[in-house]
Amino acid sequence: MAEISGKISEASFDATEKQSFVESDDSSNSDKKSDHNLVRNICILAHVDHGKTTLADHLIASYGGGVLHPKQAGKLRFMDYLDEEQRRAITMKSSSIALQFKRYFINLIDSPGHMDFCSEVSTAARLSDGALILVDAVEGVHIQTHAVLRQAWIEKLTPCLVLNKVDRLICELRLSPMEAYNSGSIWDAGEENYEFIDDEEEDTFQPQKGNVIFACALDGWGFGVYDFAEFYASKLGASSAALQKALWGPHYFNAKTKMIVGKKGISNTAKSRPMFVQFILEPLWQVYQSTLESDGDRGVLEKVIKSFNLSIPSRELQNKDPKAVLQAVMSRWLPLSDTILSMVVKCMPDPAAAQSFRISRLLPKRDSFENADSSDVLNEAELVRKSVEACDSSPTAPCVAFVSKMFAVPVKMLPRGEILNNSIDENDSGECFLAFARIFSGVLFAGQRVFVLSALYDPLKEESKQKHVQEADLQSLYLMMGQGLKPVASAKAGNIVAIRGLSQHILKSATLSSTTYSWPFSSMVFQVAPTLKVAIEPSDPADMGALMKGLRLLNRADPFVEVTVSARGEHVLAAAGEVHLERCVKDLKERFAKVSLEVSPPLVSYKETVEGEMSNTLENLKLFSGSSDYVEKTTPNGRCVVRVQVMRLPTPLTKLLDESSELLGDIIGGKSKQALKSLETLRGSIVQDENPIEALKKRMMDAIDNDLFSGISEMERDRGKEHRRFCSYQGLPYVSDRLGFRDVGDSIDTTGESSPIGDEMLLREAESLESSVLSGFQLATSAGPLCDEPMWGLAFVVEAFISPIDRQSNEDNISIQQAEQYGMFTGQVMTAVKEACRAAVLQRKPRLVEALYFCELNTPTEHLGSMYAVLARRRARVIKEEMQEGSPLFTVHAYVPVAESFGFADELRRWTSGASSALLVLSHWEPLLEDPFFVPKTEEEIEEYGDGSSVPQNTARKLIDAVRRRKGLPVEEKVVQHATKQRTLARKV
């Protein structure tokens, strides 16, 4: 139990008072672990509209200390306290509340389900030890369900499944208990969640284990198999443990022999029903039908009330609204809050047990081969790590906490007495920034001085202490109650608190430590990247200062938004999606900048590549290794000749290089193998004992082999190995050496054929020009020839030949004048390489590459035509369509270009009368097959388009011209489209 002390105002809620009472009991206990045993930190994760906030309402109404009346549970949406959240009826941020359940103190974090706010899921998962995974019993597992399961697996959370909205099977689909059981709506929802679980734990969700709840959050009821097992144990004369196993799965009850048998032990298979259907679903269905149907038998309700000794006021049973009667009976028969929190206490670990399991993710071991002077630092850091692993809450333990995000609250929402202590900056903006943090070790108290460690901090490097460490004084600590804040004086390890006083020291997230001899916590993993970008400027240029200040505040308040300044001087705001962008702009206008803004159309990112069929990769590689098809450029002074060849990389290899961009950057930066191993373990891309460089090399070779040798003969396979070797050994020498693609004997001969003795000055000059070649290559690949967008999926061979200075000329002043005439030689080489690379791409039929969203749509049958019409207008490609079993909905999967996705959800709702819903998540990059420079050449093309003057502008060319206009680049277009003789409208006689 976390010790929370200090003077609390008289208006404090009952939960805090109860907590103090529990602490007084625990203080007399000699076992210090009892503190941790009474704490649970959990988060609620699910797809959008699957019932997270409604479930949280019921938990708060029952055990939130009276902050929410039970009658308002499910209607008020207590955790959605922002106006925008109430208006849109979706959660947009993660927020915490403290609950008191019996002797247990539970920190509950509600998180968003919309893909645009998945960063909030990451911040909630980092601070939690367990996760309640909600799944709609009708809709099943969706995109965001997979995403939150992946997040829970990465953060090593203990998951429990809540199968919500079971009432929809009865009221909407009108299934019988046996139909619901056989249709898979109940069964499969638990089975499909095993994707990210380890093999030895593949049966993670099992009702007989007690970690699966069947519920209806709106009506306030829920049950586990163990609830009915205890009730039927006395009636059937069986043990509760045996019934708990038998009430799920293919187990049947033989009424004659009073025995539980398997499927083989029943005589009449057609009429027999599993025990789950017979003893659980059928009574549930009977209560619903007797209450909601006009001709229902009210005797069933009386039987239930009598059997379970329920005390229900007669006025509630006589209510004319049958839904109210149903909720009154079900919430007392199968109370949702008690069922959920009992499962949380039983199945989810306490902070001490959870941190010992999660320590490899939070603070992985970092071995070092530094000198002996660093051994003391490593020993101190290891002591801190052990303290975090044990969740040591003693006052002498080092204090370590992690801040997952900064969030802004209006100054007027602070507790009384706190507003006077605000800083000038916070008073000017009217916002106070608090840190959303969890204490992992030691005791944190108000007024304490701590070190703020950034993610790049390294205690072994002295210069790191100057760049990545700040000292800060904690002004106040708060216990979060949704929007409310309760000041506390101190908090022990295992608690989740809000901290005031760090707004000038933390931008997004950081590690707090009482000692500098500590490694920072590993960075959080976000499922998507901010891809939607817009340029923002104030309507009145005089408000530019207020806008810049507002952007700084927004960048700190939102964990996922990115604020940058483009090369043209525009302030660019990057968000995860349209809904996220709208909220950011609204916050800027109303909270942070408080000025009128002008928002540009979305700035869509593209990439450039060349034409290439993936089926002909081996043929392309053969031509690539021995081809004379190259582009040659010469520097103005004639001393350097640059030759460039380009080819398209296989798609699997391109995808792998994209995914491993951070590791490749670290390799090029020259980081040690041990540092790379630690970083990649933190990112979750490799297992703990794997060498990241060897793993990347193996994955690269596998990607090349799979693409080169799929579907070819053995003879061709042997021939292809030489070409693969050529492909693998090229590139930057130091990168190839570190990846293990080059041996020592594969060094390149730099002496040249024409000079057997070797000209040392020429060699030295060639080495000095290496950076110029690299810079020219980087300039070319960062801005392609089509519309200055980065190049993608290409392999270049750049060869530079340098000739010696003409020694026949004895006049030094002539050579000096020539050098001044053409500029510095390094600049000439850089320009030649850049122009050669761009020309090589233009020679190989360039293509535009666009980003695609994966779109999941749910549509009723009668609106399928309208939905397909909207998809067709958006250049979408449908990849899958299927009807949901037992429901009138169709599920359609499609790829939608990012450029066509703006306003897609609104148009879909408008054309389908609000019956269709869509969810977009960034999927991959894909080249446009259209040639932007198409000219009729074949007889069929000439017959159709003529000489080319009537060729309509294709999509690729339109997109390229739009980007070029936005960037101020020249565009080839006709000013006059249809030239006709002009005449005056008025006729003068």
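Is Thr654 buried or exposed in this predicted model? At 4% relative accessibility, Thr654 counts as buried. Here, buried means under 20% relative accessible area, exposed means over 50%, and partly exposed is in between, using a 1.4 Å probe and protein chains only. Thr654 sits in helix α24, residues 651-659. Leaving aside residues up to four places away in sequence, Thr654 touches Leu649, Trp792 and Gly793, where a contact means heavy atoms within 4.5 Å.

A quick word on the ground rules. Residues are numbered from 1 along each chain as its sequence is written, and side-chain values use heavy atoms, with hydrogens and water left out. Because this is a predicted model, local features need pLDDT of at least 70 and side-chain atom pairs count only at pLDDT 80 or more, while totals for chains, interfaces and linings use all residues.

**The whole chain**

The protein chain has 37 helices and 31 strands. These are DSSP runs numbered from the N terminus: helices are H or I with at least four residues, strands are E with at least two. Of the 989 residues, 50% count as buried. Take the contacts with a separation of 6 or more: 74% of them come from residues 24 or more positions apart. The accessible surface comes to about 47,900 Å², and 51% of that belongs to carbon and sulfur atoms. Those areas come from the Shrake-Rupley method with a 1.4 Å probe; for residues, only the protein chains shown count as cover.

**Helix α6**

How far apart are the end C-alpha atoms of helix α6? They are 17 Å apart, which agrees with the 16 Å that its 12 residues (143-154) should span at 1.5 Å a residue. The expected span is 1.5 Å times one less than the number of residues. Since 9 of the 12 residues of α6 are buried, the helix is largely enclosed by the rest of the structure. Among those buried residues are Ile143, Ala147, Leu149 and Ile154. Their cover includes β1 (39-46), α5 (118-127) and β31 (917-927). After α6 comes Lys156, with a positive phi near 60 degrees.

**A glycine in a loop**

Gly220 lies in the loop between β6 (212-216) and β7 (221-223). Gly220 is buried, with a relative accessible area of 5%. Gly220 and Leu55 are 165 residues apart in sequence, yet 8.1 Å apart in space, C-alpha to C-alpha. Not counting residues up to four places away in sequence, Gly220 touches His58, Ser331, Leu334, Pro335 and Leu336.

**Rings**

A search of the whole structure finds 23 aromatic pairs. Rings of Phe, Tyr and Trp (its six-membered ring) pair if their centres lie within 6.5 Å; planes under 30 degrees apart count as stacked, over 60 as edge-to-face and the rest as tilted. Here are two of the pairs:

| Pair | Centre to centre | Angle between planes | Type |
|---|---|---|---|
| Tyr181 and Trp248 | 6.4 Å | 75 degrees | edge-to-face |
| Phe253 and Phe279 | 5.6 Å | 80 degrees | edge-to-face |

Tyr181 is in helix α8 (177-183) and Trp248 is in the loop between α11 (240-246) and β8 (252-254), 67 residues apart. Both Tyr181 and Trp248 are buried. Phe253 lies in strand β8 and Phe279 in helix α12 (275-292), so this pair ties together parts that are 26 residues apart in sequence. Phe253 and Phe279 are buried too.

Charges can also sit over rings. That label needs NZ of Lys or CZ of Arg within 6 Å of the ring centre and within 35 degrees of the ring normal. The charged end of Lys607 sits over the ring of Trp925, 4.5 Å from its centre. Likewise, the charged end of Arg556 sits over the ring of Phe433, 5.4 Å from its centre.
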